[in-house]
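Biologist: I'm new to this model and would like to learn how to read it. Could you show it to me and take me through it feature by feature?

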Amino acid sequence: MSNSPITQVSESPITQVAQYSPGPDSPSGQASFPSKLLLDLRGTRFEIDREVLVSLPESILIVMFPNGLILGRGHSDPYDDDDDNNSEESISLDDQIIFVDFDPACMDYVLDFYHEAQMAGEAQRLANPNAHLHSSNQHNLAAQNPLLNKQAIIVLREELDYFAVIPPKTGFLAKDDAPATGPVHADPSKVNVKTQCGTHLLEQRKIFTALQRNINKENNVAEQHLIDMLCVSGFSRDDEWGYRDIEPKKTSIVSIALVMLKTTGSGNQMATAQKLLLFWRKPARKCWWDGVEVELDQDEHKLPIRLWARRTWTLELVLV
């Protein structure tokens with residue numbers, strides 16, 4: 001068993017396009033799919049190219065479409081040869097809205113970074129206009145190592161579920177010492193505790209602080225190596241999450257950070273980058289518990305809280 005601190009996630013069929021029977025009017029006997037999709041993300045609409053959508057990180061697509069995404073419609077329904085209103089092209093974009101439970105602010109962050117990475121890759125190609133004139137040997141090397149002609153992005157995503165435990169000596173809980181989690185309706189003070197705990201965690205924006213705390217506690221060499229590898233490849237030790245917010249109606253915080261993979265620099269830079277290439281289309285996951293003591297303001301006095309967080313990291317590499 002490898003001592004890697006992250007576990008490989010099985011390949012997801014999320015971006016696979018289902019096979020459909022072609023419609024009578026489809027050219028070359030192929031099924032037609034809309035080139036643009038209209039997504040409704042919690043009330044905010046995005047018009048996005050199909051190719052852009054399926055190029056997004058698997059770790060994000062699996063959250064957006066946990067049951068998979070069907071691109072295009074089948075033609076299993078009765079089709080009237082004299083009426084082409086059922087053809088894919090005749091369906092208005094508004095009729096093809098896909099409702100997705102996903103934060104539009106997170107989508108903005110990801111799409112903006114993708115655009116930045118594409119511009120950087122294009123600038124690199126313009127700076128070296130003869131890069132496409134490879135010898136056969138160079139072409140084979142590029143095929144074996146896509147980092148030679150593609151811009152790579154490191155995707156790090158964290159799902160944080162938090163639980164607040166209030167010591168019984170505070171007299172805060174009248175009946176039990178249950179964690180202040182889940183739906184609470186009868187006791188507004190519990191809701192306030194959950195809200196304050198969420199706010200406290202939300203303000204902790206440093207990416208590596210919690211993992212470094214766990215390393216110092218457990219003396220985990222593999223986890224330290226993970227941080228070192230990420231920092232050599234594009235992150236810095238003081239980096240903050242690019243996106244971080246509390247999920248609505250949940251004691252859960254989602255964070256995402258994207259950086260462009262470095263392939264030049266120190267002598268072993270490309271070798272380190274190629275290690276991360278193992279996570280291309282194969283996201284890997286790490287989960288650990290993190291507990292800290294915090295004091296919250298409650299009725300003009302400090303309330304001691306044991307705040308537990310179950311953190312799940314997903315690491316992935318994408319090429320644009």
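Modeller: Let's start with burial: buried means under 20% relative accessible area, exposed means over 50%, and partly exposed lies in between, using a 1.4 Å probe and protein chains only. Keep in mind that this is a predicted model, where local features need pLDDT of at least 70, side-chain atom pairs count only at pLDDT 80 or more, and totals for chains, interfaces and linings use all residues. Residues are numbered from 1 along each chain as its sequence is written, and side-chain values use heavy atoms, with hydrogens and water left out.

Biologist: Then which class does Cys 287 fall in, buried or partly exposed?

Modeller: Cys 287 has 38% relative accessibility, so it counts as partly exposed. Cys 231, at 13%, is buried.

Biologist: And how many disulfides does the structure hold?

Modeller: In general, a disulfide is a covalent bond between the sulfur atoms of two cysteines. The test here is a pair of cysteine sulfur atoms within 2.5 Å, and the structure holds zero of them.

Biologist: How should I read strands?

Modeller: Strands of a sheet pair through backbone hydrogen bonds, either parallel or antiparallel. Helices (H or I, at least four residues) and strands (E, at least two) are DSSP runs numbered from the N terminus, and two strands pair if DSSP finds at least two bridges between them. Take strand S7, residues 252-260: eight of its nine residues are buried, so the rest of the structure largely encloses it.

Biologist: Which strands does S7 pair with?

Modeller: Strand S5 (residues 152-165) pairs with S7 in the antiparallel sense over nine bridges, and Arg 157 has Ile 256 of S7 as its bridge partner. Strand S6 (residues 243-246) also runs antiparallel to S7, joined by four bridges; there, Ile 246 stands opposite Ile 253. The S6–S7 hairpin has five residues between the strands, and in it Lys 249 takes a positive phi near 60 degrees.

Biologist: What about S8 and S9?

Modeller: Those two pair in the antiparallel sense over 15 bridges. Our Cys 287 turns up again here, with Thr 312 in S9 as its bridge partner. Two residues sit between the strands of this hairpin, where Asp 299 has a positive phi near 55 degrees.

Biologist: Now the aromatic rings, please. How many aromatic pairs are there?

Modeller: A pair of aromatic rings is described by the distance of the centres and the angle of the planes. Rings of Phe, Tyr and Trp (its six-membered ring) pair if their centres lie within 6.5 Å; planes under 30 degrees apart count as stacked, over 60 as edge-to-face, and the rest as tilted. By this rule the count is five. In one of them, Phe 163 and Trp 289 have ring centres 5.7 Å apart and planes at 40 degrees, so the pair is tilted. This pair links distant parts of the chain, with Phe 163 in S5 and Trp 289 in strand S8 (residues 284-298), 126 residues apart.

Biologist: What does an edge-to-face pair look like here?

Modeller: Look at Trp 241 and Trp 313: 6.1 Å centre to centre, with 85 degrees between the planes. Trp 241 lies in the loop between helix H7 (221-233) and S6, and Trp 313 in strand S9 (residues 301-319), so the pair ties together parts 72 residues apart in sequence. Both are buried. Ring pairs also link them with Phe 208, Phe 235 and Trp 288 into a cluster.
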